[in-house]
Structures are given as structure tokens and as C-alpha cells.
Amino acid sequence: MSRYLVRRLLLTIPVLLGVATLVFALIHLVPGDPAQAMLGEGAEQEEIASLRTALGLDRPLLAQYGSFLSGLVRGDLGKSFRYNTPVTEQIREKLPNTALLAMAAMGVAIVFAIPLGIIAAVYRGRAPDHIAMTIALAGISMPNFWLGPLMAILFAVYLGWLPVSGTGTPAHLVLPAVTLGAALSAILARMTRASLLEELRELYVLAARARGLSGTRAILRHAFRNSLIPVVTIIGLQFGAVLTGTIITETIFSWPGLGRLLIQAINYRDYPLVQGCILFISVTYVAMNLLTDLTYGLLDPRIRYD
Amino acid sequence: MVRVGGFIVAVTIALALFGPVLSPYDTSSQELARRLEGPSAGHPFGLDELGRDILTRIASGARISLMVGLAVVSVSSVVGMFFGSIAGYFGGRVDDVISRVIDVLMAFPGILLAIALVAVLGPSLVNVVIALSVIGWVGYARLVRGQALRAREFEFVQAARALGANPGRIVLRHVLPTAFPSVVVQGTLGMAGAIIAEASLSFLGLGVQPPTPSWGTMLDAGRSHLFDAPHLTIFPGMAIALLVLGFNFLGDGLRDRIDPKMQR
């Protein structure tokens, strides 16, 4: 296991370096002069020159790359152009909101998906299966930027049960969490169904039934537990989709998290903040995938890297 | 599944081709006095915040969605097939370099990279296509690389090599055709992905810019009228969901037909 762990960790280094290089390259893709773009058309030459110095754009490319990387190692992502505070401070401020939203969405997804998947598998080919899988298909096909506003129309405008945007109370979390969790829930429900059906064919389930266990008990105590392994992996792998999904969900519901911070930074052409947000989200994504791989290795001892 | 998907896609193509021509309204003609008015006989999907006919704009938006999808799928599949086939067929150093690039791009959450690219290049239709192709080719490259690795060992490929055919010809005439069916399936599903991605970017204000009608920008405009005019949100969203469902059905159905193992 330790050899697998070391190899998997070592393999992550070039990926992280690649991600950092891509993010560094971004600001140099800005057509024309990034400093000019940030300040707008009417800016004075002196202002542009001083911003170029502040951003380090007047230095040779390699030197810029070097200090960018050494900054990263020290946890320094530069200064936000608009707020004039360190980018890390901005991220730290918004991170808890995004984490809360992502966790709530995953919670919602799991709570809906697993019973739906079990029901579909148990009633395979019958009405409950068809209904459950149609719901799942709708969940996959509906883009969250449509589902979110639709739910807002129904639950906030017509029924008046929930607030349409903002934060503060648990009620504020419901619509964003359900919007963000819907697609994951649909994927998980299909996965649970497929995986449980696979397990139900196994002989040990038949043996459990032969020993006199009721159908429900055989499913829940034996087959369901084993069917969870691939489901857990999907939950881990889908975390990335949830993380990027927060960008749109936070925009829909004006949720003050990292995704909204990123979109606002883009609108203000605050490139250091854009770079910081993208880097932070990407690194979290890579880390989550790594964690999923390692957990999977722990859950199933047959899995080895080589 | 193929039939349902094909039907939805065909209807959308017809709507995109003939809708704007047949409609009595222009995408930008305004009836300001009737702005935000709900569905009626003259305007089946109602009027938007500037008093423009929503059905006409949806038909025109279908052109954008289909064009972006087609452009992204064409560019990324050609680029992906090129790099995938040379990585798989030649192996060695070439494969190492291409595979590492693929690894890094795969490690990046796709839509985030697209957002980042459009953020620095500036919001426009062309930049959306560029951004989505930059993230899109990787999937095709990985698929074709795998197929090329297998094809390299086929007897007819070895025979071609023994007969002295040059590598370019072998890749083009013998290796790529074996990968083609999978690329078609991936491309069909890729249409769905590109359409959602374009709508997401436009929704965030990073894609197609108003007044050009895109389903994403229409949804974005509907956001400020959830209370007084929900039809601004309902109809464009329905169009996106239906078309995406259509391409997904078509792609899944084609895959089942091509791969006999998937048939039950």
C-alpha cells in the first residue's frame, strides 16, 4: 500500500505543475496588454506602467514564472487588483460558503439517490423502476441553470416557501443545494441501481435467502453493502463536477462563494483574483481525485497501481 | 432511442433552418408596449423584456447552439484524432509527451478551463468555440489513442507496413477508420456537451453577447423576471434540455448499435 501511495503522490506532482503552468499562462493570453485591459480604455500611460510593475509584467517571462511558482509554494497568490487585499484572503473568506453548499448538495444527492436506486433495482422492469429512472434521466438532462430558476419560480414565487436568493438561514440553502445536487443524484441513482442489480445476481444473496432471510433483509444487509463500493467511488469522482457546478449555482442564487467571486473577478478583469480562484478550484479538484483513488485502494485491497 | 433522439434533433434543425425565415417577426423587432407579455395566439411563447417574440428568438438561438456544437465537435475531433492516432500508432516519446498533456488537461475541470480561457480572450462566439475545443479534443485523443494501439497489431496494418506503405498513409487509411465509429458516438454525445457548455458560458455572460439570441443569454435575461414573467425562463430552458436529451439519446442509441456487447 505504501508503495502505491508514494507512486500515486509522485504522479500528482507533474499534474499540479501542469495546472499551475496553465494558470500562469492565462494572463499572457490576454489580447494586448493585461494592465491596459484591467484599467480600461481611458487609463493614463503612467497608471498602466505602474500596474505593469505591480503585476511584474515588465520582467522577463521566466523570472515571472519563477516568482509565480515560488509564491505558490509559500501560499502567496498575489494581490487582488480590485479589493487591494491578498487573493488568499478573498478565497479564505468565501471558501466556507462554497464548502457548505457543496456538502449540502452532496448530502441531498445521496439522500435522494440511494433509496431511488434501491427501489428501481428491487422493482426492476416494473412501474417503480420506470418512474425512478425517468426522474433520474430528467435530472441528468436538465441543466442546473434551468432547474435552479424553475425551482425558484415554483418554491419561492408561487408557493412562497423558500427565499429566492442570499444566505443566512438553513432555508436559504435548500434551493441552491437541490439545484446543485440534482445531476449528481441522478447519476448516483443509476449507479446504485446497476450496482445493486449486479450484486443481486450473486450466489451469496441466494444463500442468504436460502438460510431464511427475508428479501428486504437479504438486500439491505448483504447485497446493498457490497453494491456501495462503486457508488462511493462515483461520489468521490463527481465531487469535481459539484465543485465546478457551484460557479453557476452561486450565480443563480447570489450565493456568496468562490464561484461567484470568480465570475465577479472576471467581470472586473481582476486577473490575479481570477488566477487565484481557478488555481484553488483546480488544485482542490486534483486533490479530491487523488483522495478518491486512495480510498478506493483502501476499500478494495485487490486494486494496485501496477 | 435512436429514433426519439433523431426526431428531436431533426425538429430542432428544421426549427433553426426555417423558423427565423417563416416567423412574421424579426429577432430584434420590439413591441415595447407588450413587453413581458405571456403566451398568446400571436406569440405562442410570449414576449421578452424588450417586447421581442420569444419563439423567433428560440429558433434563432437554435442556430447558435447547433453551430457551436458542430464547430466544437469538428475541431476537437479532428485535432483529437490527429494527436490520438500518432500517439497510439508511433508510441514511445511522442506518446509520452501527448499522454502527459492529456493527463494535465484531464486533471483540470473542463468547464473551469473554458471559463478561464473565455475570461482572458474576451466573451465572443468564436472564443467560446476555441475554449470548448481546447478542452474537447482530449477526449477524442484518448479514445483514438486506445484504438490506434490496438489497430497497430492488426494483421492488415502489419501487412500494409510490410508492403512498404508510409506511416501517414497507414494511419489515415487503416488505423483511423477502425476508430471512426467510436468517434461518431463520442461526437454525438459531444454535441450535447458543447450545447450545454455554450449555454452555461452565455448564461454567465461569458459567451454570445446580446442582442444575438442564444439560449443561455435568454435564460440569463429571464433571471431578473422570475416573479413577473416566468415564461422568459421556462421556454429557452426547455429548448436546451430537449436538444441535449435528443443528442444524448442519439449517442447512446448509436453506441448500442455499434457495440454488440451493449445490446441486451
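User: Let's start with chain B. What covers the buried residues of α1(B)?

Analyst: A word on the model before the answer. It is predicted, so local features need pLDDT of at least 70 and side-chain atom pairs count only at pLDDT 80 or more, while totals for chains, interfaces and linings use all residues. Residues are numbered from 1 along each chain as its sequence is written, and chains are lettered from A and ligands numbered from 1 in the order in which they are written. Helices here are DSSP runs of H or I with at least four residues, strands are E runs of at least two, and both are numbered from the N terminus. A residue is buried if 20 or more other C-beta atoms lie within 10 Å of its own, exposed if 12 or fewer, and partly exposed in between, with C-beta atoms placed from the backbone. Now your helix: the cover over the buried residues of α1(B) includes α2 (54-90) and α9 of chain B. The buried residues themselves are B:G5, B:V9, B:T12, B:L15, B:A16 and B:P20.

User: Where does α1(B) bend?

Analyst: Take the angle between axes fitted to the seven residues ending at a position and the seven starting there; that's the bend. In α1(B) the bend is about 35° and sits at B:A16, with the proline B:P20 following within four residues. Both B:A16 and B:P20 are on the buried list. For length, the expected span is 1.5 Å times one less than the number of residues. Helix α1 of chain B (residues 2-22) has 21 residues and reaches 29 Å from first C-alpha to last, close to the expected 30 Å.

User: How many helices and strands does chain B have?

Analyst: Nine helices and zero strands. Its C-alpha trace spans about 75 × 40 × 30 Å along the principal axes, and 51% of its 264 residues count as buried. For contacts, the test is C-beta atoms, placed from the backbone, within 7 Å. In chain B, 70% of the contacts with a separation of 6 or more come from residues 24 or more positions apart.

User: How many residues of chain B are in contact with chain A?

Analyst: 33 residues of chain B touch 35 residues of chain A. On the chain B side, the elements giving two or more residues are α3 (92-107), α4 (110-121), α7 (167-203), α8 (215-222) and α9 (231-258). To sort residues, count Ala, Val, Leu, Ile, Met, Phe, Trp, Tyr, Cys and Pro as nonpolar, Asp, Glu, Lys and Arg as charged, and the others, Gly among them, as polar. By that scheme, this side of chain B has 24 nonpolar, six polar and three charged residues.

User: Over to chain A. Of its residues, how many count as buried?

Analyst: 38% of the 306. Chain A has 13 helices and zero strands, and its C-alpha atoms fill a box of roughly 85 × 60 × 30 Å along the principal axes. Of its contacts between residues at least 6 apart in sequence, 71% join residues at least 24 apart.

User: Where is the kink in α5(A)?

Analyst: At A:K94, shortly before the proline A:P96, and the angle is about 40°. The helix, residues 87-122 of chain A, has 36 residues and reaches 51 Å end to end, close to the expected 52 Å.

User: At what angle do α11 and α12 of chain A pack?

Analyst: Axes are lines fitted to C-alpha atoms, for helices over the stretch in contact, and angles run from 0 to 180 degrees between N-to-C directions. Under 35 degrees counts as roughly parallel, over 145 as roughly antiparallel, 65 to 115 as roughly perpendicular and the rest as oblique. Helix α11 (residues 239-252) and helix α12 (residues 258-267) of chain A pack at about 80°, with axes 7 Å apart, so the two are roughly perpendicular. From α11(A), A:T246, A:I247, A:E250 and A:T251 meet A:L258, A:G259, A:R260, A:L262 and A:I263 of α12(A). That contact divides into four nonpolar, three polar and two charged residues.

User: Why is α11(A) called largely enclosed?

Analyst: Because 13 of its 14 residues are buried. There's also a bend of about 35° in α11(A) at A:T246, and just after the helix A:S254 takes a positive phi of about 45°.

User: Which class does A:H172 fall in, buried or exposed or in between?

Analyst: A:H172 counts as partly exposed, because it has 18 C-beta neighbours inside 10 Å. You'll find A:H172 in helix α8 (residues 170-200) of chain A. Beyond its neighbours within four places in sequence, A:H172 is in contact with A:P163, A:G166 and A:T167.

Definitions and conventions
Two residues are in contact if their C-beta atoms, placed from the backbone, lie within 7 Å.
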